[in-house]
Amino acid sequence: MYLEMRNINKSFGSFRASEDVNFSVEKGELAALLGPSGSGKTTILRMIAGLERADSGDILIDGKRVNDIPASMRGIGFVFQNYALFRYMTVYDNIAFGLTVKKAPADAVKNRVHELLRLTELEGLEKRFPNELSGGQRQRVAFARALAPEPGLLLLDEPFAALDAKVRKDLRQWLRDMIHRVGITSIFVTHDQDEAVEVADSIIVTNKGRVEQVGRAYKIYKEPETAFVSQFIGEPVIVEDFGKLNGYEKGDFDRAIIRPEFVEAFKSDNAHFKDIITYSQKGVIKDIVFKGSALELRLNVNGVEVVTHRSLERRPVEVGEEMNVIIYRLFAVKDNTTELMQNSYLLKDDPTGEKLEKYLYSDGGYFAG
Amino acid sequence: MGYKKKKSTRFLMITVSTLFVGLMLFLPLVMVIINSLKKGFEFYLQAVSTKTVISALKVTLLATVITVIVNTVFGIFASILLTRFSFKGKQLLQTLIDIPFSVSPVIAGLAFIMMFGRMGWAAPFVDAVNNAFGWDIKIVFAVPGVVLATIFVTFPFVSREVIPVLNAAGSDEEDAAALMGAGMFTIFRRITFPHMKWALLYGMVLCTARALGEFGAVNALSKTRGETFTLPLEIDALYLSGSADSITAAFAVSSILVLFTVVLLVIRCVLENRSKKAQEEQKRR
């Protein structure tokens, strides 16, 4: 474990910014601190950096407790949210700053800066000032500047927040590749789950100062452990009366989270679904939203509103049309616990998933070919 | 765009403003120069090189230089304190710094008399210091009093200009530099100072202009012509003595101050442009 957070607590006045925070990050791993704004993720990052002090608990970097070590001695590179590039210094001086303040010899500084300029593809821009750069170039300068003193741990505070949508997408991949190439242990803060899922190896989900779940991106997406995570990740639709849906009993649960991919809506003459049409129930299309790559359908199923995506390759549908709807599964929520619930009709009739397999994946199946 | 619609409105506004500025500001200054040369250039040179005028010029320059240095140093400290630290009573301190803007300079001068004069509460301290070091420093009705009064009056100029600039710049860059191990002095020299540079110079120019022309506060504390008088006091004395010659001499001495003003105005104009540009650059980021 390169970084370990043990029972960290932090309050600002009466506001508890961190409550019993525990997690660790392996060497060379790229981790995301993901949570809504005000969830305490930035406070955690700032405590690791030494910009805030933890009230209690231990922060270990490379096995050493660093709580009492000043920020500048922790061997950390920090990329600020708006990059905080030195406006009155050139790109070269920006990158060299961390080395020159530590009185590194001039030729060592020069070599290191040129190495980083090459790495971040900023060669030829070293004499420019930050305001003469594009958003993406600025991010790369900030990245190079943080890496220059060869830190053991790289921290990035919302590294994509200051960029416009198109550049953001390109840079996600760039940053991911670059961090893996350099091999530096990194943690970045984000409130954007797409960003976390796409860029990070592992994700730490925070809410109200607590860590909700830690794990691989895939696992967090497929197997949320708390009600909060199931509602925060993916495209959740909250359904109170999910007992009205075929195949489910509400029991003690408060409500359910139904993601669009959990819902199948098909026309009654669709041959692929003829085996399971008896398990479906009628749903009327209330609204259709064109999302570019797919349609988003809002359906009224027995008084419950559910959402599903529909491929543009399928037959056209219209508002008011009656569809047959099956909910494969959902996350049932009680307090802050969540449970994956399978459609009991499907489960009873098809416990091994054989039929599902057949109508979806067999030669004549829905996803065939 | 609201006002720009009618051409006649524009014409009217330009005419009124130009006339007003011309009549109220520019013409009087021109009259000073014309009047100062009324009795010929030789008289002019004579008038500005009398003993009392030279003495007044020296006192004025001395007071101005000390004032600008003190207020610049204080202004930098105050701006950093008020923009980078939070503490109890910050709002109060900010208000206190602005006092000279709202208090009449004459009152400021009288306050110093009350403080350092023979009966003043600070007089024993001054005596004690003088005794201890064998000095004989007088404050009231002496040059130190003039300097103190000038400092008081021009106190807020520098911090007034610098504070908004530091607020706009934010402290991110300083945090970043500190995180990389830069010390306080390095941070100031390489990051904070370049941010405030133009605003600081602009504040210093304003401070200089005001210090050169200060009358009220200095008048209360300076009573000896030829020793503690500043240029404005000397001009006043010449003018009040009433003879035609001395009135022309008063204009001649005034023209020195007008000359200073013009030079400062040009510098100010240049600096204002530079600091505006620098601020716009910051806003763009």
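**Notes on a two-chain model**

Author: Start with Thr72(B), which sits in helix H3 of chain B, residues 51–84. Keep in mind that this is a predicted model.

Reader: Is Thr72(B) buried or exposed?
Author: Buried. Its relative accessible area is 10%, and the cut-off for buried is under 20%.

Reader: What is Thr72(B) in contact with, leaving aside neighbours within four places in sequence?
Author: Val158(B), Leu200(B) and Met204(B).

Reader: Switching topic. How many disulfides over all chains?
Author: Zero, from a search of the whole structure.

Reader: Now the interface. How many residues of chain A and chain B are in contact?
Author: 23 residues of chain A touch 20 of chain B. The buried area is about 2000 Å², with 61% from carbon and sulfur atoms.

Reader: Which side chains meet in a salt bridge?
Author: Arg87(A) and Glu173(B), at 2.5 Å, N to O. The count between the two chains is one salt bridge. Two residue pairs are in polar contact across the interface.

Reader: Which element gives the most to chain A's side?
Author: H2(A), with four residues. That side of chain A divides into 13 nonpolar, five polar and five charged residues.

Definitions and conventions
Residues numbered from 1 in each chain as written. Chains lettered and ligands numbered in written order. Predicted model: local features only at pLDDT ≥ 70, side-chain atom pairs only at ≥ 80, totals over all residues. Heavy atoms only, no water. Helix = DSSP H or I, 4+ residues; strand = E, 2+ residues; numbered from the N terminus. Buried < 20%, exposed > 50% of the residue type's maximum accessible area, 1.4 Å probe, protein only. Contact = heavy atoms within 4.5 Å. Disulfide = S-S within 2.5 Å. Buried area = accessible area lost by both parts, 1.4 Å probe. Salt bridge = Lys/Arg side-chain N within 4 Å of Asp/Glu carboxyl O. Polar contact = N/O pair within 3.5 Å; in protein donor to acceptor, adjacent residues only side chain to side chain. Nonpolar A, V, L, I, M, F, W, Y, C, P; charged D, E, K, R; others polar.
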